[in-house]
Amino acid sequence: MLSLEQISTRICAAIAGARIETVPNASPSAQASLLIDNEHAREIAAFLRDDRELQFDYASNVTGVDWPEKTVKVKTKTKKVIDGVEKEVEELVEQKTPAFLEAVYHLYSMVRGGGPLILRLRTGNRTDHAVLPSLTPVWRSCEFQEREIYDLFGVTFEGHPDLRRILMWDGFEDHPMRKDYQPVAEEETKP
Amino acid sequence: MIATPEIQTARTRGIANHELLEVSMGPHHPSTHGVFRMNVLLDGEVIVKLTPVFGYLHRNHEKIAEKNSYLSAIPYTDRLDYICSMTNNWAYVLSVEKLAGIAVPERAEYIRVITAELTRLFNHACLAGFLLQDMGALGTPLMYAFREREKILDLFESLTGSRMMCNYLRFGGCRCDLPDGWLKQAAGVLAAFSPFLDQFEALLDENEILHARSEGVGVLPRELAINAGVTGPGLRASGVNYDVRKVDHYGIYDRFPFRVPLGEHGDVLDRYMVRILEMRESIKILDQALREIAPGPIIDPKAKLRNLRPKAGEAYGRIEGPKGELGFYLISDGGPTPYRFRVRPPSLINLTVLEDMCIGHSISDVVIILGSVDIVLGEVDR
């Protein structure tokens with residue numbers, strides 16, 4: 001299998017305007033992933049499936065991840081003038097990471113035997129822009145799994161042929177896999 | 001008479017020019033092997049549309065695991081595919097081992113192969129029994145299969161203390177060593193399995209009813225099987241040579257020379273035959289493993305079980321389960337519980353193409369096609 005850098009240059013060469021970022025993975029598994037932009041996502045997916053060098057014909061695992069807003073305290077060094085002398089001062093600055101939902105796709109190639117290539121798609125936020133392009137038109141195997149993300153995480157997939165709840169019942173309102181989900185007493189919610 | 005959009009399309013496409021009937025099959029239909037429902041739209045007896053309905057057994061396994069420690073998720077994985085707890089354990093501990101970088105001693109690898117292949121044996125035997133039960137061979141094949149399964153469950157009981165919910169594997173190895181005489185007992189069970197399979201095949205392979213009911217039924221074309229992410233025997237029956245044991249060489253599977261049986265037509269008969277042949281290969285693997293297993297440590301002494309806090313990162317580990325590719329995707333944020341815990345359930349994803357396989361066949365064939373997919377609802381609904 002080609003390396004992640006080779007794959008991303010190959011994609012960028014074939015699809016004009018595609019924005020790809022490598023997401024590192026510090027764990028011993030060393031499975032780094034590619035963050036792709038939503039506008040070109042389906043084009044990139046079709047390219048990965050059909051390109052002769054890559055042929056990722058099999059989307060194995062598709063899942064969602066919830067990343068709520070986090071405040072991280074970061075130490076920053078700034079130069080300040082104190083009593084007429086310039087000094088370097090360490091300050092704790094609170095940084096807010098924006099909240100988003102993520103869809104993760106694990107791709108393999110049955111023909112060539114490569115993988116996993118991990119794709120990530122990110123929504124604009126967790127509320128009114130929780131929309132991603134569906135990759136079901138490229139890989140049928142995403143059909144139920146994207147429905148599951150829609151059901152449990154609340155990501156709307158544009159272009160999905162049959163986007164309905166899959167595990168929870170119709171009429172259920174919340175999304176149980178979100179980190180801020182508050183369970184309600186069972187008797188109140190059951191149809 | 002209901003005038004759903006499907007009926008309208010079916011009419012305009014000329015499929016139906018009389019009334020269609022919508023039938024809800026399940027969730028308490030005996031052929032669904034659990035609580036699974038299919039809404040089928042029938043033209044006479046022929047399927048026009050089939051919509052699977054899930055969720056009757058949903059308990060949000062993933063959320064439960066995200067609230068508990070890494071170790072305490074192991075017994076929950078037993079309940080996914082409750083027939084094959086050993087392989088579920090393996091897929092999960094493999095992912096944690098990838099995430100935390102834990103090595104496994106050789107004896108533990110052998111024990112894992114032995115328990116996983118024993119699981120595959122009785123899973124396939126029971127599937128064949130259930131499939132024939134669905135075709136009308138009431139009792140006999142299933143009871144023969146269950147007789148063999150009982151012997152293997154006895155082995156599991158003496159090893160783990162539990163017949164079905166084994167909770168046996170641990171990060172970096174296994175929970176306890178094999179009891180005295182276990183290997184001999186296992187060799188005895190295995191020696192009886194080959195004659196059982198011979199008898200099973202002699203009874204059934206040329207059986208006219210089996211052929212009449214399964215040949216050309218529920219055909220799954222190769223390209224669709226790949227695109228729809230079908231894995232396991234169902235994929236190989238469609239002629240795709242893809243076995244995670246061969247592709248990933250996880251554990252010590254590269255030490256075992258075994259063949260991957262492939263089908264030609266992708267129909268129910270091929271899916272049945274692929275499983276029979278896979279059992280033969282599993283017997284070969286088991287023979288070799290029982291011969292080669294050597295004394296040694298069964299768990300990595302440095303592996304931390306309680307309070308495991310893997311470094312922040314993620315890992316996807318997968319194995320060839322009896323039903324297909326079983327994977328676990330874990331994200332750690334450095335804390336004592338997984339930040340994200342995801343099961344890739346082969347049973348659910350293999351159902352993606354159920355409708356494609358059923359359309360145009362009669363309602364009695366749906367039972368057989370579903371039976372040949374091999375699902376367990378504990379894993380489909382999670």
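This is a predicted model: local features need pLDDT of at least 70, side-chain atom pairs count only at pLDDT 80 or more; totals for chains, interfaces and linings use all residues.
1. The length of helix α7 (residues 182-204) of chain B was checked against expectation. At 1.5 Å a residue, its 23 residues should span 33 Å, and the end C-alpha atoms lie 32 Å apart, so the two values agree.

2. Chain B also has an open sheet of three strands, in the order β1-β2-β3 and with antiparallel pairing. Its edge strands are β1 (21-25) and β3 (46-53) of chain B, each of which pairs on one side only. On average, neighbouring strands of this sheet are turned by 20° against each other, direction ignored.

3. Within the sheet, β1(B) and strand β2 (residues 37-43) of chain B run antiparallel and are joined by five bridges. Opposite Glu22(B) stands Leu41(B), in β2(B). Helix α15 (residues 363-373) of chain B packs on the sheet and touches β1, β2 and β3 of chain B. The direction of α15 makes about 145° with that of β2(B).

4. In chain A, Val74(A) belongs to strand β4 (residues 70-82). Val74(A) has a relative accessible area of 27%, which lies between the 20% and 50% cut-offs, so the residue counts as partly exposed. Leaving out residues up to four places away in sequence, Val74(A) touches Glu91(A), Leu92(A), Val93(A) and Gln95(A). Pro28(A) is 46 residues from Val74(A) in sequence and 25 Å away in space, C-alpha to C-alpha.

How values were computed:
Residues are numbered from 1 along each chain as its sequence is written. Chains are lettered from A and ligands numbered from 1 in the order in which they are written. Side-chain values use heavy atoms; hydrogens and water are left out. Helices (H or I, at least four residues) and strands (E, at least two) are DSSP runs, numbered from the N terminus. The expected span of a helix is 1.5 Å times one less than its number of residues. Two strands pair if DSSP finds at least two bridges between them. Axes are lines fitted to C-alpha atoms, for helices over the stretch in contact, and angles run from 0 to 180 degrees between N-to-C directions. Contact means heavy atoms within 4.5 Å. Buried means under 20% relative accessible area, exposed over 50%, partly exposed in between (1.4 Å probe, protein chains only).
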